[in-house]
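Dear colleague,

Please find below the structure that I am handing over to you. Kindly look at it before reading the notes that follow it.

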Amino acid sequence: MINQHNVTQIVRYCTVGAANTAVDWLVFGILTLCGMLYMPAQVLAYTSGMVNSFIFNRQWTFAVQGMADLGEVAKFLILNTASLALSAVLLFLFHQEMGLNLWLAKAATTVIIMAFNFLGSRMWVFNKNYVWTGDAL
């Protein structure tokens with residue numbers, strides 16, 4: 001069931017995600033235009049938005065109070081490492097295997113990773129008390 005709180009979280013997550021995506025795409029574009037192979041460029045571009053994502057999603061999107069603890073940071077890094085690995089696989093599949101234009105492959109990958117990361121952030125990283133009830137959205 002979608003309620004106002006869920007909608008607010010999704011809108012805030014997408015706003016932070018848009019900023020992170022802009023940084024990601026900008027770094028990816030600069031690096032690939034300068035001749036870097038797309039896979040190392042993907043790793044560097046994705047990593048470039050992680051600090052911003054942690055700070056703004058933690059404080060603004062999911063409204064976590066107090067200082068971040070080691071467990072929360074570790075879960076964030078695990079989720080984002082999994083997201084990065086999945087993004088690399090998807091980018092390879094969409095571009096190399098399916099023959100999509102690199103930028104279309106990047107766009108499709110971005111949409112999938114945003115959904116994956118939102119659910120992981122909400123259900124695992126930033127909500128210590130969240131219990132799965134089937135209402136993830």
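This is a predicted model: local features need pLDDT of at least 70, side-chain atom pairs count only at pLDDT 80 or more; totals for chains, interfaces and linings use all residues.

Residues are numbered from 1 along each chain as its sequence is written, and side-chain values use heavy atoms, with hydrogens and water left out.

Helix α3 covers residues 50-61 (helices are DSSP runs of H or I, at least four residues, numbered from the N terminus). Its buried residues are Met-50, Ser-53, Phe-54, Asn-57, Arg-58 and Thr-61 (buried means under 20% relative accessible area, exposed over 50%, partly exposed in between, with a 1.4 Å probe and protein chains only). They lie on the same side of α3, because they cover an arc of only 120 degrees around the axis (the arc is that of the directions from the helix axis to the C-beta atoms). These buried residues pack against α1, α2 and α4 (contact means heavy atoms within 4.5 Å). The face turned away from the buried side carries the exposed residues Val-51 and Gln-59. Ile-55 counts as partly exposed because its relative accessibility is 38%.

The largest nonpolar core has 23 residues (such a core is a set of buried Ala, Val, Leu, Ile, Met, Phe, Trp, Tyr and Cys residues joined through side-chain atoms within 4.5 Å). Helix α4 (70-97) gives the most to this core, with six residues.

Yours sincerely

Terms used:
Helices (H or I, at least four residues) and strands (E, at least two) are DSSP runs, numbered from the N terminus.
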